[in-house]
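Colleague: I'm new to this one. Can you walk me through it?

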Amino acid sequence: MLKISFSLKISFSRTIALRRDEGYTMYRQTNDSARAVKELFDMGQTKKVEVCANCSGFDVKELKDKVKAKVGCIGKCSRKCPELAGKAYGFLNGEFVVCDTKEEFFAKIDALDAYAAKGDRNPLVDAFLAHVDRWGEEFASLRAMILACGLTEELKWGQPCYTFENGNVAILGGFKDYIALSFIKGVLLKDPEGLLVRQTENVQAGRQLRFASVQEIERMQSVIKAYVQEAMLLEKSGATLPVEKKPELVIPEELQRAFDENAALQTAFFALTPGRQRGYVLHFAQPKQAKTREARIAKHAQKILDGKGIDD
């Protein structure tokens, strides 16, 4: 169990000094000092529980009532590992745990001590990389370079993501013909080598460095690290992205005809959030042939009527 000792000095700045192992961290609290002390105690009593949102073998709402937990992609699930079907499983303080019943799993959570980080590699990313079909060496090489720059590793949106002071900096993703290191605020990077790629015309801020082999990655190591370090400094500076005015939404002809034939569909569509509307319009307008556009609209009509987005 992590031991925390503290001293509280009531003064104008209300400074609280904490001792954690052999290091000292200073916290300045300008509001209620008593509340600050409680928060600092809570920091030392946090358990790290991470489970799959779709197939962890129990109702995740029941888990959330019990403990603060991350519910999302954990890089390992019964879809990739059939032997996990029907089991209760997840990462507890960074260790992958499998139980026959939820009661057994919950008992293990009760027995957990406070979480203490072990190194800079996130076990969820370890699990993710254990099941990638392609680009294994390339993922490993880029991962090592990024971690060497001092970023924090997480698993977000089902992909290895790297953050600085809780701000998203970059994400790794494998595609058919390349693996990409995508910078969240890439449009703000200087890009002296002219290497950054805009994935599609609909991407506003993100930019990618693309690689086709581990040899190419190793050859460009110094360049990659320079881009990562600039992205870190950008995040540290608090730089924000310019607000780009999105073009007016143009309803495809085939979708307008569907609206004319079904007033309920039109009402449901314009009741969706602007982002969901745009997602549908981009998807419907993409095919070159009218028949394909009509087929896409027919396929998704019920989802629109149900108030759902294309990815819901």
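Modeller: Let's take the aromatic rings, then the cavities, then a residue in a helix. Keep in mind that this is a predicted model.

Colleague: Rings, then. How many aromatic pairs does the structure hold?

Modeller: The structure holds 9 aromatic pairs. F91 and F96 form one of them. Their ring centres are 5.2 Å apart, with 55° between the planes.

Colleague: What do you call the arrangement of F91 and F96?

Modeller: Tilted. Planes under 30 degrees apart would count as stacked, and over 60 as edge-to-face, so 55° falls into the tilted class.

Colleague: Is F91 buried or exposed?

Modeller: F91 is buried, because its relative accessibility is 4% and the cut-off for buried is under 20%. F96 is partly exposed, at 25% relative accessible area.

Colleague: What about F175 and Y178, how are their rings arranged?

Modeller: That pair is stacked, because the planes are at 25° and the limit is under 30 degrees. The ring centres of F175 and Y178 lie 4.9 Å apart.

Colleague: And how accessible are F175 and Y178?

Modeller: F175 is partly exposed, with 32% relative accessible area. Y178 has 15%, so Y178 counts as buried.

Colleague: Back to F91 and F96. Which aromatic cluster do they belong to?

Modeller: One made up of Y89, F91 and F96.

Colleague: New topic. How many cavities of 30 Å³ or more are there?

Modeller: There are 2. The largest cavity holds about 50 Å³ of space.

Colleague: Which residues line the largest cavity?

Modeller: The lining is N168, V169, F183, I184, K185, G186, A231, L234 and E235. By type, 5 are nonpolar, 2 are polar and 2 are charged.

Colleague: Which elements each supply at least two residues of that lining?

Modeller: Strand β10, residues 167–174, and helix α7, residues 221–236. The largest share comes from α7, with 3 residues.

Colleague: Where does K236 lie?

Modeller: K236 lies in helix α7.

Colleague: Is K236 buried or exposed?

Modeller: K236 is exposed, because its relative accessibility is 55% and exposed means over 50%.

Colleague: Last one. How far apart are K236 and G167 in sequence and in space?

Modeller: They are 69 residues apart in sequence. In space, K236 and G167 are 8.7 Å apart, C-alpha to C-alpha.

Key:
Residues numbered from 1 in each chain as written. Predicted model: local features only at pLDDT ≥ 70, side-chain atom pairs only at ≥ 80, totals over all residues. Heavy atoms only, no water. Phe/Tyr/Trp six-rings, centres within 6.5 Å; stacked < 30°, edge-to-face > 60°. Buried < 20%, exposed > 50% of the residue type's maximum accessible area, 1.4 Å probe, protein only. 1 Å grid on protein atoms, 1.4 Å probe; cavity = no way out; pocket = protein on both sides within 12 Å on 5 of 7 lines; lining within 4 Å. Points joined across faces, edges and corners; volume = space filled by probe spheres on them. Helix = DSSP H or I, 4+ residues; strand = E, 2+ residues; numbered from the N terminus. Nonpolar A, V, L, I, M, F, W, Y, C, P; charged D, E, K, R; others polar.
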